[in-house]
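Student: I would like to go through this model with you. Could we begin with how its helices pack?

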Amino acid sequence: MVLKFEILLPLYDNDGREIEDEKIQTTYDEIVVKFSAITVDSLPLMGDWIHPETGVRYANERFRACWVICDDTTFNMDYFNTLKTDLEKRFDQESILIYYVEVNII
């Protein structure tokens, strides 16, 4: 089975400060080295999120979506679980959204 992992990277931290370009580039580079590819959406996304435990609402004015298509392996699943934790620290976020869907390649 093949999976598509999509990552929504913030362009601003929880305090409204712009994320440094090198943090975003480092993230892209790490993923390319790991999977030999990454796709990045050229348009920023917008959305809000309410923290389920605190009730604090975060206005996420801009996100950059990127994704990777890879095999469904325990190793890859572990990688993305670890990446989520690393990105939350790197980007100073309460949570980073990473999700996956099954892909059927023609």
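Student: Which residues of helix 1 meet helix 2?

Tutor: In this predicted model, Lys 23, Thr 26, Thr 27, Glu 30, Ile 31, Lys 34 and Phe 35 form the helix 1 side of the contact. From helix 2, they meet Phe 75, Asn 76, Tyr 79, Phe 80, Leu 83, Leu 87 and Arg 90.

Student: How do those contact residues divide into nonpolar, polar and charged?

Tutor: Seven of the residues in this contact are nonpolar, three are polar and four are charged.

Student: At what angle do the axes of helix 1 and helix 2 cross?

Tutor: The crossing angle is roughly 170 degrees, and the axes of helix 1 (residues 21-35) and helix 2 (residues 74-90) come within 12 Å. Angles over 145 degrees count as roughly antiparallel, and helix 1 and helix 2 are therefore roughly antiparallel to each other.

Student: Now helix 1 by itself. Which of its residues are buried?

Tutor: Ile 24, Thr 27, Tyr 28, Ile 31 and Phe 35 are buried in helix 1. Viewed down the axis of helix 1, these buried residues fall within an arc of 95 degrees, so they line one face of the helix. Glu 22 and Val 33, on the other side of helix 1, are exposed.

Student: Why would residues three or four places apart point the same way?

Tutor: An α-helix has 3.6 residues a turn, so residues at that spacing point the same way.

Student: And helix 2, which residues are buried there?

Tutor: Asn 76, Tyr 79, Phe 80, Leu 83, Leu 87 and Glu 88 are the buried residues of helix 2. Around the axis they cover an arc of only 165 degrees, which puts them on the same side of helix 2. Thr 74, Phe 75 and Lys 89 are exposed on the other side of helix 2.

Student: Changing topic to the backbone: what is the phi of the residue just after helix 1?

Tutor: That residue is Ser 36, with a positive phi of about 65 degrees. Most residues other than glycine have a negative phi. Ser 36 sits in the loop between helix 1 and strand 2 (39-40), and Ser 36 is exposed, with a relative accessible area of 67%.

Student: One more residue. Is Cys 66 buried or exposed?

Tutor: Cys 66 is buried, with a relative accessible area of 1%. Cys 66 lies in strand 4 (residues 57-71).

Student: What does Cys 66 touch, leaving out residues up to four places away in sequence?

Tutor: Cys 66 touches Phe 5, Glu 6, Ile 7, Leu 9, Tyr 28, Ile 38, Thr 39 and Val 40. Tyr 28 is also one of the buried residues of helix 1. The C-alpha atoms of Cys 66 and Tyr 28 are separated by 8.5 Å, although these residues are 38 residues apart along the chain.

Note on methods: Residues numbered from 1 in each chain as written. Predicted model: local features only at pLDDT ≥ 70, side-chain atom pairs only at ≥ 80, totals over all residues. Heavy atoms only, no water. Axes fitted to C-alpha atoms, helices over the stretch in contact; angles between N-to-C directions. Helix = DSSP H or I, 4+ residues; strand = E, 2+ residues; numbered from the N terminus. Parallel < 35°, antiparallel > 145°, perpendicular 65-115°, else oblique. Contact = heavy atoms within 4.5 Å. Nonpolar A, V, L, I, M, F, W, Y, C, P; charged D, E, K, R; others polar. Buried < 20%, exposed > 50% of the residue type's maximum accessible area, 1.4 Å probe, protein only. Arc of directions from axis to C-beta.
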